[in-house]
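The following text goes from a single side chain to the sheet and then to a pocket. Please keep the model open while reading.

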Amino acid sequence: MEQRHLGRTGLRVSRIGLGTLTWGRDTDEHDAADQMKAFWEAGGTLIDTADVYGGGEAEYLLGQLVERLVPRRDLIIATKAGSVPDPYRRFDGSRGHLLTALDASLERLGTDYVDLWQIHAFDTGTPLEETLHALDIAVTSGRARYAGVSNFCGWQLAKAATWQLASPGIRTRLASSQMEYSLLQRGVEREVLPAAIDLGVGLLPSSPLGRGVLTGKYRHTTPPDSRGASEMLAPFVEPYLDEAASRIVDAVATAAEGLATTPLEVALAWVRDRPGVVAPIIGARNAQQLTAALSVESLSLPDEICQALDDVSAPVHRYPDQDWSTL
């Protein structure tokens, strides 16, 4: 699998990442092991998790599989901290919470360091410089090799990345930003992606298949074993089952038919090769689904197909996102 630099750093990662959102909850040890082995054998290196996935079980399960199945040196392990199970405070970006969470993650993962440590979301209740100081401490102490953020909007990302660049050698530059990005969700193109490209921050798209909808599995019905049929995840899928999404899914299916491939591969290839994107993060239920996604490595979409998909899914960008003189 092709390797790409993560932002403006020397770290190289596989251009498809493996997500572990369901590990320890819907994905058991055997399925997780099959996924990791298939991913590694395909040349994948980037595995993304978080301290809250499965209540910590995803990190623990990943830690149990590393070395037993795959050498630690062959993996780029990324985790996140900052989300908290508190109905009154969803995110805690305080230095104390973040560093305590990192130590707990390292213990569950069974490793001395993570390759990429990410702030899970912006915390309006904590000064940004305090949150970012936790990243600096993590890197200078050797507990993390690189640092990034997740779910930061445009101005938040620009402020954080610029702050970190203000004192080279003292502060750790942001290597990445993880955001939802797909043909069904192109909101990052308004401000997040331009800021990331300008500041040398690599984008790691989550839900690159539109929460599974872009595979076409929901075109006519809801499969009983799908996320859309799950009591917990159905509300996560439902926003992408409207008429506008249906038109985009139909276009992806048409493109796939013309290229003799699958809608999954078309949708994934589209986002993988967008400007500023480093590695879409794929969350599969089992190794069979993951293998189907990894087959995208050999696919490059023709320019005509890319343009057609751009047109059918184009978000409305007006002032101030476009040059005001053209409006």
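**Glutamine 35 and its surroundings**

Apart from neighbours within four places in sequence, glutamine 35 is in contact (heavy atoms within 4.5 Å) with Leu18, Trp23, Thr27, Ala284, Arg285, Asn286, Ala287 and Leu290. The model is predicted, with local features needing pLDDT of at least 70 and side-chain atom pairs pLDDT 80 or more, while totals for chains, interfaces and linings use all residues. Residues are numbered from 1 along each chain as its sequence is written, and side-chain values use heavy atoms, without hydrogens and water.

Glutamine 35 sits in helix 1 (residues 29–41); helices (H or I, at least four residues) and strands (E, at least two) are DSSP runs numbered from the N terminus. Glutamine 35 counts as buried because its relative accessibility is 0%, where buried means under 20% relative accessible area with a 1.4 Å probe and protein chains only. A polar atom of its side chain lies 3.0 Å from the backbone oxygen of alanine 284.

Leucine 18 stands opposite isoleucine 282 in strand 10. Strand 3 (residues 17–19) and strand 10 run parallel and are joined by two bridges; pairing requires at least two bridges found by DSSP. The open sheet has eight strands in the order 9-8-7-6-5-4-3-10, with parallel pairing. Its edge strands, strand 9 (202–206) and strand 10 (281–282), each pair on one side only.

Strand 10 also takes part in a lining: strand 8, strand 10 and helix 10 (287–294) each supply at least two residues to that of the largest pocket. Helix 10 gives the largest share, three residues.

Key:
Buried < 20%, exposed > 50% of the residue type's maximum accessible area, 1.4 Å probe, protein only. Polar contact = N/O pair within 3.5 Å; in protein donor to acceptor, adjacent residues only side chain to side chain.
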